[in-house]
Amino acid sequence: MSRLRAFGGFWWDFVVGDDWLSAAGVAIGLVATAALAAEGIAAWWVLPLAVLVVLAVSLRRATR
Amino acid sequence: MSAAFLVASAFLASAVEMVEALTIVLAAGLARGWRSSLVGVGAATLALGVVVAVLGPALTVIPLSTLRLVVGALLLVFGLQWLRKAILRASGYRALHHEDAIFTRELEQAEHAARVDRAGLDWYGFTIAFKGVFLEGLEVAFIVLTFGSTQGSIPLAVAGAAGALVVVAGVGLAVRAPLTRVPENAMKFAVGVMLTTFGIFWGAEGAGADWPGSDAALLGVLAFVCGASLLFVRLLRRQRRTAPATAEARA
């Protein structure tokens with residue numbers, strides 16, 4: 001069990017790192033893009049906007 | 001255009017990781033002896049080869065839209081981490097990355113660690129070199145495989161990474177010292193921008209969005225990410241002048 005936890009912990013650390021909020025923001029941005037695109041609405045602008053917001057929030061948390 | 005971008009991205013990302021791995025291997029080799037350290041490098045290279053041999057063919061059977069969605073998401077998560085740290089460094093909120101300081105710290109730790117022999121090797125030297133090369137190399141393997149498979153040309157991405165290996169290993173062998181004159185912080189900034197740019201582009205395509213101008217939109221995304229990053233650097237520098245940085249952000 002502890003080995004499984006260590007394995008999971010390694011991959012969590014490798015992919016998500018120390019800022020889970022950014023990963024969550026990316027996931028929300030992708031879901032919103034997919035939802036708009038499925039409705040036939042132009043959705044290319046969603047991810048750039050999401051990146052801007054995620055970066056702003058992440059930097060604010062890091063410098064607070 | 002995207003081919004050149006692909007090779008440049010693979011080269012830069014690989015070079016940054018290889019410079020860091022070289023620092024660790026040099027410290028292990030000088031403090032613990034070259035034999036154990038080089039065996040560690042060889043074992044890590046072998047392990048990375050297995051990872052690439054298993055993952056490479058597996059990626060080619062995944063439908064392109066699914067691959068772009070997953071790869072885009074992962075690149076965005078990676079890219080945003082790199083970019084955040086690069087912006088914090090550039091604005092003075094985080095200490096700059098100095099290979100000589102890291103080398104000194106690694107060397108000191110390696111010199112003071114107890115000697116344990118296993119399989120005829122100094123285990124500390126072996127594991128430090130193995131972990132350094134494997135962990136840094138894993139990121140290189142990930143970037144090369146994802147960039148290559150998503151752009152439909154793993155050989156081009158491999159060429160970029162191989163170029164970085166030749167340059168970093170060649171210079172490392174020649175000077176036998178950490179590559180302190182490599183503009184590593186600027187390179188990390190560039191890698192963060194590139195990973196985020198590809199992440200936005202492929203992530204949106206994978207999620208079903210169409211870019212105006214098709215592939216040419218990549219340049220627009222690149223300009224957007226560069227502009228936003230530089231704006232954040234400027235804003236944080238101004239903020240830092242008016243309010244002292246917290247200890248946490250400096251760590």
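Author: Let us begin with confidence, meaning pLDDT, the predictor's score for each residue from 0 to 100: chain B averages a pLDDT of 83, and 92% of the residues score at least 70. This is a predicted model, in which local features need pLDDT of at least 70 and side-chain atom pairs count only at pLDDT 80 or more, while totals for chains, interfaces and linings use all residues. Residues are numbered from 1 along each chain as its sequence is written, and chains are lettered from A and ligands numbered from 1 in the order in which they are written.

Reader: What makes Ser214(B) count as exposed?

Author: A residue is buried if 20 or more other C-beta atoms, placed from the backbone, lie within 10 Å of its own, exposed if 12 or fewer, and partly exposed in between. Ser214(B) has 9 such neighbours inside 10 Å and therefore counts as exposed. This serine lies in the loop between α7 (184–206) and α8 (217–242) of chain B, and its phi is near 55°, a positive value in a residue other than glycine.

Reader: How do you know that the span of α1 in chain A agrees with that of a helix?

Author: A helix here is a DSSP run of H or I with at least four residues, a strand a run of E with at least two, and both are numbered from the N terminus. The expected span is 1.5 Å times one less than the number of residues. For the 14 residues of α1 (residues 2–15) of chain A this gives 20 Å, and the end C-alpha atoms are 20 Å apart, so the two agree.

Reader: Why is α1(A) called hardly covered?

Author: The count of buried residues among its 14 residues is zero, whereas buried residues make up 31% of the 64 residues in chain A. Just after α1(A), Gly17(A) takes a positive phi of about 70°. Chain A as a whole has three helices and zero strands.

Reader: How does the radius of gyration of chain A compare with that of a compact globule?

Author: The radius is taken over C-alpha atoms, and the globule rule is 2.2 Å times the number of residues to the power 0.38. A compact globule of 64 residues would come near 11 Å, but chain A has 15 Å. Its C-alpha trace spans about 45 × 30 × 10 Å along the principal axes.

Reader: What is in contact between chain A and chain B?

Author: Two residues are in contact if their C-beta atoms, placed from the backbone, lie within 7 Å; by that test, 25 residues of chain A are in contact with 31 residues of chain B. On the side of chain A that touches chain B, α3(A) gives the most, with 10 residues.

Reader: Which elements do the buried residues of α8(B) pack against?

Author: They pack against α3 of chain A together with α3 (64–90) and α7 of chain B. The buried residues of α8(B) include Val221(B), Phe232(B) and Leu236(B).
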